[in-house]
Amino acid sequence: CSSDLNSAQQEKEVVSTTAPARTMPSQRDVDMSEDEDKVEASPQMYMAISIAMVGAAMFGFDQGNFGNVQAFKSFRDEWCLRRFGDDETCSDEGSLHNKPWEDGFVLWGATLITFGAAAGAILLGPYMSNTLGRRPCIQTGGLICCLGCLLASYFSMHSKWIFFIGRFITGFGVGVSCFALPLYNAEISTKSIRGATGSLFQLNVVVGCFISCLITFVDKDWYVGMMLPGIAGAVLALGCFLIPESPRFVMEKKGRAEGVRCLQRIRKGDVEHEAQEIWQQIKEEQDIEHVTFLGLFRERNLRKRVVIACALVVAQQATGVNAFLGYAATLFKQCGIDDPIAFNSILNGVMIFGCLAGLLLVDSAYGGRRCQLLFATGIMGPPLVLAGFCLHFDWPGIITMVCVIIYGIGFQFAWGTIPWIYPAEIFSMAEKESAVSLAVGLNYVANAAIIFITPYLMHWSVPGTLWFFGGLNILNAVFVYLYIQETKGIDLEEIPKLFKSSRQDKEDSLTSSEESD
């Protein structure tokens, strides 16, 4: 038996690198594993991710700017006065109770960008990302966003319909870029820091929110405020000329040699082991067509992962954060905060620290996807419920502000970052295009739904609005506890196996036994 095993091992050591997985590791495998440990991310990888993440800042600029711009006197004079009311009903206080203004203009101004983002992530993002590449997809989204911002500001020509079209186009560009960003990050990052660099997406959203809050706090020109995402889009479009394409995409479309050259641009050390892993997966998937949207629901394990990914992004919106960002000035004013724009700037500034803490922990021994989601939910739901009681019983406003700040830190610690990382991690290359498109698109649809229902919730009861979102956060904790698996530090190719049930494992083992017989 020993002789037969040694002979078999010698044969496996000379077999081609595209052979099936070996039952025992050869010396070459050991050497390549050691080489993999020596491979580090190069400065160019960090630069590439930083430039690409300006696409996230586009979304952050818009989330931060529109929530403040809607309270500008210049904005109300342009769009409310003589359209939805008079001097009294379009004033700072009067506009809070001007239902035609809130429902006929502010609501659609906030919602159309999310509808546009969903359309961009579903209709154009997948086609461009799979056909032309991740980089052109990100770049085109920036140009579209810039055009939309021009239509919603300097080129609006006092027409609310042009303004609305501009808002939709702005969102469309954001959706196109944000479809490719998680894919680009997952495919360009080293395994050890994949989660941390993925968190840069939300960090840029938060920084974008904070910068836009500061600018709109100082400059009350609504044209400038509405143009902020377009400026980020223009920077992104130009910066994309400096970043490499995804090595996985290049290897799949242009061959292994080209992919290795691309990989060497973003790594320090011998990239052979990583390149071989990528090439092996591509060859295994060559005969597999990209899974269609309907195909996502035909196989049990894949269906389970799709449902989890979609539920996770919906849960992100169910936290209610975009209700606070989209209607910051209005909601905080109704919460009894005297200067809502100043408080919104403070809130977004503090949220940066929550995001940084989550970024540092997500791939460390002390953090992870699952545990951070559970912890964050624990410090988000209760403060919102307490804030609702503060408003209901007219307790000091400082308590409400502290509760909202704790809630914001909790969101950015996990819920702002991980739902963008997770869907890109749990699908194979053949599944990723349709699955991530569905998840990203559903994220924006859920975002639009939250923004759409929030004014009606506030008209019903502001304390009730806080209780509503507090209850949803508690339900989020139950979902995470039951269904989210930890993916920290695991090869992308191995992650789908985490979602197999014990029944599936038994069926797979029986199938393997029958095939070997």
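This is a predicted model: local features need pLDDT of at least 70, side-chain atom pairs count only at pLDDT 80 or more; totals for chains, interfaces and linings use all residues.
Me: How many salt bridges does a search of the whole structure find?
Reply: Happy to start there. One of them joins the side chains of E187 and R134, and another joins R305 with E431. Over the whole structure, the search finds 10.

Me: Which strands do K268 and E40 lie in?
Reply: Their side chains form a salt bridge at 3.8 Å, N to O. K268 is partly exposed at 42%, and E40 is partly exposed at 45%. As for the strands, K268 lies in β2 and E40 in β1.

Me: Are the rings of F393 and W395 stacked or edge-to-face?
Reply: This is one of 29 aromatic pairs in the whole structure. The ring centres are 5.8 Å apart and the planes meet at 20 degrees; planes under 30 degrees apart count as stacked, so the F393 and W395 pair is stacked.

Me: What about the rings of Y422 and F499: stacked or edge-to-face?
Reply: Both residues are buried. Y422 lies in helix α21 and F499 in the loop between α23 and α24, so the pair ties together parts 77 residues apart in sequence. The centres are 6.5 Å apart with planes at 80 degrees, so this pair is edge-to-face.

Me: Which residue has its charged end over the ring of F66?
Reply: F66 belongs to a cluster linked by ring pairs, whose members include W79, W101 and W222. The charged end over F66 sits 4.5 Å from the ring centre, and it belongs to R167.

Me: Where in α10 does a kink lie?
Reply: Helix α10 has 18 residues and should span 26 Å; its end C-alpha atoms are 27 Å apart, which agrees. The kink is about 40 degrees and comes shortly before the proline P229. Both L228 and P229 are among the buried residues of α10, and the kink lies at L228.

Definitions and conventions
Residues are numbered from 1 along each chain as its sequence is written. Side-chain values use heavy atoms; hydrogens and water are left out. Rings of Phe, Tyr and Trp (its six-membered ring) pair if their centres lie within 6.5 Å; planes under 30 degrees apart count as stacked, over 60 as edge-to-face and the rest as tilted. Helices (H or I, at least four residues) and strands (E, at least two) are DSSP runs, numbered from the N terminus. Buried means under 20% relative accessible area, exposed over 50%, partly exposed in between (1.4 Å probe, protein chains only). A charge sits over a ring if NZ of Lys or CZ of Arg is within 6 Å of the ring centre and within 35 degrees of the ring normal. The expected span of a helix is 1.5 Å times one less than its number of residues. The bend at a residue is the angle between axes fitted to the seven residues ending there and the seven starting there. A salt bridge is a side-chain nitrogen of Lys or Arg within 4 Å of a carboxyl oxygen of Asp or Glu.
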